[in-house]
Each structure stands twice: as structure tokens, then as C-alpha cells.
Amino acid sequence: MIQRRLFTTVSRMVEEAKKLAGYAAVDNHVKNNQAIGIGSGSTIVHAVKRLAERVKEENLNVFCVPTSFQARQLIIENDLTLTDLDRHPELDVAIDGADEVDSDLNLIKGGGGCLTQEKIVAACAKSFIVVADFRKDSKNLGEQWKKGIPIEVIPMAYMPVSKALQGQFGGVAELRMAISKAGPVVTDNGNFLLDWKFDKVHDWNTINTAIKMIPGVVDTGLFINMAERVYFGMEDGTVSVR
Ligand code: 5RP
């Protein structure tokens, strides 16, 4: 009983932290007539709610590019204007969550499997803004996020890519399975995901480039030198900006 209450209290605190981060990012970075990249995950839900509020209250005219099926649904459900990179190849800002953020603003993303479209959209934005709760804040990648670096792969290549990762860089690369274990998780692009659990700290820029050279790799969940600012919702109800 006490344990359940503690769990509920912590869950509420984390959810409130996500909301604080999402609201702060939208309030500080969204302006009228912008094209905006909309990330994926649970923290971005709060950012989209705030965006919808501001659009109504301030009569803003903004255009939203989704990074996933989930993001597309969020945009539609919140009555925001849906667009794409064909119509808006240059975005003013992209807002997205992260699984871990290091002290140099390098990120691990892709816990929800949307990393490739997230990276494409972030790369199209003048400003890439990250929203996260306090649990994602880390000095070195891997200190907080223990599930490894997600890597999207062409289905026929998952085994050779997994072997190449382990052979060249160590650690263990596992095919991400559906919760039912009935089969692998399939991304919005029809691909599989490997979660590479690395066994030491690497030069992330170099290793990201090296992983992308393995035939069959579509992209990695390493977002290096991309984030301009990160908003962390904190346990004490404040927002920490890095
Ligand atoms: C999905 C992502 C998400 O942005 C990341 O997993 C963070 O999610 P959440 O806000 O639910 O913690 O990269 O591919």
C-alpha cells in the first residue's frame, strides 16, 4: 500500500516535470507564422497541448510537421495545422523529447522507435529544442538510460549489423521485440530496431559516423551537436535550462 502510494507520488512528480518542460519550451520558442517540428513520446504531449492552447488564445498561425504516426495523431487531435517537409522543408523550430541528455547536450533518442524521422525533422529546424524530465539529465551518456542506443536497421540486415556492432565496438546489440514477444518492433518506416548496449564511453561523434557506415543501418539514436537548448522539468517544480 505504502509502496503503491510512493509509486503514484513519483509518477505524478515525473508527469508534472514533463509538463513544465513542454510548456516552457513552447512559451519560449514558438511565435506566430512558424513551421514547427513536433517530436514523439510522452513529454511532447504536454508541449502540443500548450501549443494548441496558445494557438487558440493568441490566434497563432503555425504549421506542424510530425516525426511519427503518434505525432501526426497528436497534431490532428489538437486541431493544429498538419504539414510536411515537402511543403515546409525549412522549419523555424523543432521540439522533441529525449531518453538521455549529456553535459554537452548530446542525446540518446529513439526509446519510442521514431529516431530516423525525429533526426530528419530536427536537422531541418533552425532551432532544435529538447524537453525532458529530471531523470534524463546526465553527465555522460549511458549513466541514466540503460536500454542502449537505438539503431534503425533494414530488416534483412539486423543480424549482420548486430554482429558488426559487437565486433567493431563491443557491447551487445539486441533486436527490439514487441511486448507480446510475437515479433520484432517495426518502425514507422517498416524497419527493425537494434538496441546497442555499449560497454564503455566512446567518442560519440566518431562512433555515430562509424555506425552509420555499416551497410543496413538507417540511422542511430545518437543526436550529436544538434540540440540548441534543453528544458528539464525538475522535481521541485522549477525548470532547469541548459
Ligand atoms: C521516441 C523518442 C522520445 O522522444 C524519447 O523516447 C523520449 O520519450 P518520453 O518523452 O516519453 O520520455 O525519442 O523515439
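**Close-up views of a predicted model**

**View A. Helices lying across the sheet.** In this predicted model, helix α4, formed by residues 115-123, lies across β8, β10 and β11 and runs at about 65° to β11. Helix α6, formed by residues 204-212, also lies across β8, β10 and β11, but its angle to β11 is about 160°.

View B. Four strands make up an open sheet in the order β9-β10-β8-β11, and their pairing is antiparallel. Because β9 (172-175) and β11 (217-220) each have a single partner strand, they stand at the edges, and one side of each is left without a neighbour in the sheet. On average, and with direction ignored, neighbouring strands of this sheet are turned by 30° against each other.

**View C. The pairing of β8 with β10.** Strand β8, covering residues 149-153, is joined to strand β10, covering residues 192-197, over 5 bridges in the antiparallel sense. Within this pairing, P150 stands opposite D195 of β10.

**View D. The residues around the ligand.** The ligand is surrounded by 16 residues, of which S40, S42, T43, D99 and K136 are the closest. Sorted by class, this shell comprises 2 nonpolar, 9 polar and 5 charged residues.

View E. Taken alone, the ligand exposes 380 Å², and 91% of that is buried by the protein.

Methods
Residues are numbered from 1 along each chain as its sequence is written. This is a predicted model: local features need pLDDT of at least 70, side-chain atom pairs count only at pLDDT 80 or more; totals for chains, interfaces and linings use all residues. Side-chain values use heavy atoms; hydrogens and water are left out. Two strands pair if DSSP finds at least two bridges between them. Helices (H or I, at least four residues) and strands (E, at least two) are DSSP runs, numbered from the N terminus. Axes are lines fitted to C-alpha atoms, for helices over the stretch in contact, and angles run from 0 to 180 degrees between N-to-C directions. Contact means heavy atoms within 4.5 Å. A residue is near a molecule or strand if one of its heavy atoms lies within 4 Å of it. Accessible areas come from the Shrake-Rupley method with a 1.4 Å probe; for residues, only the protein chains shown count as cover. Ala, Val, Leu, Ile, Met, Phe, Trp, Tyr, Cys and Pro count as nonpolar, Asp, Glu, Lys and Arg as charged, and the others, Gly among them, as polar.
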